[in-house]
Amino acid sequence: MATKQIGDVILDVKNISLSFGGVKALTDISFDVREHEVRSIIGPNGAGKSSMLNCVNGVYRPQEGAITFRGKKFSHMDSHQVATMGIGRTFQNLALFKGMSVIDNIMTGRNLRIKSNLFLQALRIGPAQREEEQHREFVEHIIDFLEIQAHRKTPVGQLPYGLQKRVDLGRALAMEPQLLLLDEPMAGMNVEEKQDMSRFVLDVNEEFGTTIVLIEHDMGVVMDISDRVVVLDYGKKIGDGTPEEVRNNEEVISAYLGTGH
Amino acid sequence: MGFFLETLLGGLMAGMLYSLVALGFVLIYKASGVFNFAQGAMVLFAALAMARFAEWLPAYAGIDNFVLANLIAFVAAGAVMFVVAWLIERLALRHLVNQEGTTLLMATLGISYFLDGIGQTIFGSDIYKIDIGMPKDPIFAFENIFEGGVLLNKEDLYAALIAAVLVGLLTLFFQKTVTGRALRAVADDHQAAQSIGIPLNRIWFIVWCVAGVVALVAGMIWGSKLGVQFSLTTVAMRALPVVILGGLTSVPGAIVGGLIIGVGEKLSEVYLGPYVGGGIEIWFAYVLALVFLLFRPQGLFGEKIIDRV
Amino acid sequence: MFYRENGQFKTSYRADQQIFGITQDRVAVLLLVAAAFLVVPVITSEYMFRAILIPFVIMSLAALGVNILVGYCGQISLGSGAFMAVGAYAAFNFFVRVQGMPLLLALLLGGVCAAAFGILFGLPSLRVKGLYLAVATLAAQFFSDWMFLRIKWFTNDAPSGSVQVSDLQVFGIPIASPISKYLFCLTILVVMALGAKNLVRSAIGREWMAIRDMDVAAAVIGIRPMYAKLTAFAVSSFIIGVAGAMWGFVHLSAWEPAAFSVDISFKLLFMVIIGGMGSIMGSFFGAAFIVVLPIFLNQFLPFVGSLVGVEISTSGISHAELIIFGALIVWFLIVEPHGLAKLWSTGKQKLRLWPFPH
């Protein structure tokens with residue numbers, strides 16, 4: 001396994017503040033993410049971690065601050081525009097398309113790359129047919145990678161939770177993202193499932209070079225796989241650095257780590 | 001000017017009738033988040049019940065007194081509406097509790113068809129009269145200000161009075177009684193209300209009963225004015241835009257919305273109609289609602305809708 | 001035992017993506033279609049054509065269109081009647097105003113106009129959903145009712161919007177007899193159903209379903225909600241418009257705006273609910289059910305009535321229709337929200353295991 005080369009900053013979050021009515025979810029958050037690294041965001045419940053990810057993703061519009069991705073500044077972009085820029089995401093509460101099979105769910109991730117228009121698709125000849133097959137092949141590679149071959153045609157609503165999480169990851173991977181935002185991908189999993197998921201996340205990072213921003217509660221996982229960590233508490237940043245630095249940060253300890261893992 | 005006032009007042013009266021139907025929508029939506037497409041069918045059903053009971057019961061019991069006959073018919077029709085409410089809650093709503101809004105909407109659509117069919121099977125499908133002693137003669141008001149006076153319908157005025165009393169009673173019910181408070185709690189937050197021991201099923205039954213009574217009053221007034229016939233349901237469809245305008249969760253909104261639609265329909269028909277071939281009433285209410293939908297979906301008085309991820 | 005996939009291996013993605021994966025299915029469907037084209041015309045009476053088969057074929061197409069919008073894309077629509085009306089009247093205008101306009105082209109152009117109308121009245125779906133969208137589509141319905149009643153130009157200055165067409169022919173073959181009407185409609189249905197099936201299993205179909213299932217997540221993957229919703233409205237209205245034109249031209253020959261009233265909108269929605277939302281096959285089931293039920297009741301109820309000595313009038317039958325429709329809608333929504341199509345596929349699943357119970 002080649003050693004990872006961590007590159008320059010590709011995501012720069014500057015002075016982000018977000019409020020909902022009277023509630024201030026995020027206050028003046030700034031941090032950066034370097035290419036090819038695994039950056040974790042941790043903090044107690046309600047610290048604003050998901051909200052931060054939602055801002056990067058275009059789901060929420062922050063009142064103040066700017067986000068720059070690969071030199072392109074945006075804080076008021078629609079979520080699907082953000083997707084076209086190469087940012088993918090999984091969800092804490094699994095936003096899978098319950099009515100569709102595993103294959104179809106992951107295929108939706110390929111949508112940005114499907115070029116044939118409506119008429120060609122209706123006729124399903126030549127270019128449209130070839131495209132479907134090409135993308136199907138790509139999706140099958142992802143299915144192999146995530147080891148869910150047996151469940152291809154099952155409607156995702158019928159799968160156990162752990163497998164649904166893998167489909168969520170697969171769908172995001174289908175976008176071939178440069179930056180992957182993972183929102184608690186290991187929530188609700190047992191030890192074995194967490195090991196599997198950690199392995200997938202690391203494989204994605206090492207094999208495809210995808211930059212990963214990860215929200216996670218399991219301290220063991222965070223310390224093991226992250227290159228750098230950001231700590232949030234009550235919407236403010238209270239720590240930023242390598243796992244060792246953060247682990248020894250007094251403020252972080254008092255706010256969060258306590259007796260933990 | 002006198003003619004304008006006449007049209008305006010006529011519109012207000014018509015609008016008030018829409019408001020009565022819309023009240024039923026708002027009540028059920030407030031308490032259960034269900035949009036009751038069947039409200040119009042309930043109005044027809046109640047009106048049919050009242051009309052026929054007024055015919056059958058006095059004859060059966062040998063009662064001659066006009067007021068007593070109508071009273072018995074009203075109570076009997078009310079009882080029937082309670083049964084309908086119970087059946088709807090038991091057979092349909094209870095099983096659809098966790099479904100999304102669209103499913104519930106379509107279920108109430110099915111209920112509306114069902115009620116239409118059953119109502120006409122039980123009570124018949126001719127045109128029936130409801131005679132509750134409303135005076136039918138017109139009066140000419142403001143004769144000293146406008147020449148010839150402004151034509152007002154006595155019946156409409158009485159109807160407005162009844163509607164006002166109904167709204168007053170409902171407000172008292174919601175604000176002052178224990179059940180009313182419970183209803184407001186459920187409307188605010190189902191789960192919180194359940195967690196303090198409010199029985200959701202019973203509350204929904206009560207709400208549908210109240211909506212049924214409101215439908216009965218509306219049906220009574222409509223029926224007295226127009227006669228009870230199937231076309232009542234199409235008129236009731238015009239009450240839908242009223243709640244969009246007023247806000248799905250607002251009782252005053254239902255009133256105000258109804259008045260606006262009533263006035264708007266009449267005025268646009270009279271003043272714009274001739275330019276476009278007439279018949280504006282067919283779509284005016286809905287297009288107005290459409291405009292509101294696009295710019296202010298919560299209506300004039302409704303709560304803002306937030307969509308969280 | 002008979003319905004097994006033993007020995008049927010797919011060796012390419014293309015093979016795996018076929019519409020009917022199991023050979024028995026493919027054979028059965030091809031036989032069915034062949035029978036529809038070759039056998040039915042021979043054995044069916046004129047009455048059956050006029051009363052059942054032709055309405056069934058046209059309504060299936062309309063239900064298909066509605067299913068794309070409501071079942072696959074999750075956008076509720078109570079205005080389908082309006083789209084049928086636009087298709088019919090637009091086709092009428094092209095047919096009578098343009099010299100030598102071929103029938104087929106007129107129908108398709110009617111569909112295109114309906115698609116434009118659909119996109120326009122589909123714009124509210126970008127802002128609202130559920131009940132609010134239902135109200136918006138009702139606005140389309142009532143506006144269309146009025147449009148064809150009062151705006152003289154649309155109806156070639158016909159009084160009260162009543163129009164008629166005659167002398168239909170395709171490539172020189174006259175479409176006048178029930179058999180020719182049936183085959184004409186059937187051909188259009190098969191072609192468009194195939195196109196629709198292709199669409200729903202392609203990228204656009206997945207976009208529609210994604211919007212239906214979770215529109216926020218769909219946007220995050222890069223699906224543009226606007227494009228998905230408006231194309232759903234456009235494709236759906238196109239199909240409904242062509243069906244509407246067929247309804248007017250072939251089935252009715254003469255019609256007025258009331259032929260496409262809100263009643264038809266509700267009927268189409270019921271077809272989709274009962275037949276199965278999000279299922280092409282379900283549209284056929286639903287249409288068959290709704291077309292056949294009144295006729296069935298017409299024969300059956302008086303018979304039952306005579307058994308118990310009760311006289312059942314025609315109005316009694318139409319009331320019974322309302323009761324049964326209403327009750328079935330509620331029943332299906334509670335018990336099997338995916339309609340007859342789901343019952344059918346569950347049945348097939350059981351058949352695959354037969355004679356074993358599970």
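Q: How do you know which features to trust and how to read the names?
A: This is a predicted model, in which local features need pLDDT of at least 70 and side-chain atom pairs count only at pLDDT 80 or more, while totals for chains, interfaces and linings use all residues. Residues are numbered from 1 along each chain as its sequence is written, and chains are lettered from A and ligands numbered from 1 in the order in which they are written.

Q: Why is A:Asn15 called partly exposed?
A: A residue is buried if 20 or more other C-beta atoms lie within 10 Å of its own, exposed if 12 or fewer, and partly exposed in between, with C-beta atoms placed from the backbone. A:Asn15 has 14 C-beta neighbours inside 10 Å, so it counts as partly exposed. A:Asn15 sits in strand S1 of chain A, and its phi is near 50 degrees, a positive value in a residue other than glycine.

Q: What makes A:Arg70 buried, exposed or partly exposed?
A: With 15 other C-beta atoms within 10 Å, A:Arg70 is partly exposed. A:Arg70 lies in the loop between S4 and strand S5 (72–74) of chain A, and its phi is also positive, near 50 degrees.

Q: How do you know that strand S1 (residues 9–20) and strand S2 (residues 23–34) of chain A pair?
A: Strands, at least two residues of E, and helices, at least four of H or I, are DSSP runs numbered from the N terminus. Two strands pair if DSSP finds at least two bridges between them. S1(A) and S2(A) have 8 bridges and run antiparallel, so they meet that rule. One bridge links A:Phe20 to A:Val23. The hairpin has 2 residues between the strands, and A:Gly21 takes a positive phi near 60 degrees.

Q: What makes S1(A) and strand S4 (residues 64–69) of chain A a pair?
A: They share 5 bridges in the antiparallel sense.

Q: Why is strand S7 (residues 179–183) of chain A called mostly covered?
A: 5 of its 5 residues are buried. A:Leu179, A:Leu181 and A:Asp183 point one way, and A:Leu180 and A:Leu182 the other. S7(A) pairs in the parallel sense with strand S6 (residues 87–89) of chain A over 3 bridges, and 5 bridges join S7(A) to strand S8 (residues 211–215) of chain A, also parallel.

Q: What makes helix H10 (residues 239–246) of chain B largely enclosed?
A: 8 of its 8 residues are buried, so the rest of the structure largely encloses H10(B). Its buried residues include B:Pro241 and B:Gly246. Next comes B:Gly247, with a positive phi near 105 degrees.

Q: How do you know that 36 residues of chain C touch chain B?
A: Two residues are in contact if their C-beta atoms, placed from the backbone, lie within 7 Å. By that test, 36 residues of chain C are in contact with 38 residues of chain B. Helix H6 (131–150), helix H11 (262–275) and helix H13 (314–335) of chain C each give two or more residues to this side of chain C.

Q: Which kinds of residue make up the side of chain C that touches chain B?
A: Ala, Val, Leu, Ile, Met, Phe, Trp, Tyr, Cys and Pro count as nonpolar, Asp, Glu, Lys and Arg as charged, and the others, Gly among them, as polar. Here 28 are nonpolar, 5 polar and 3 charged.
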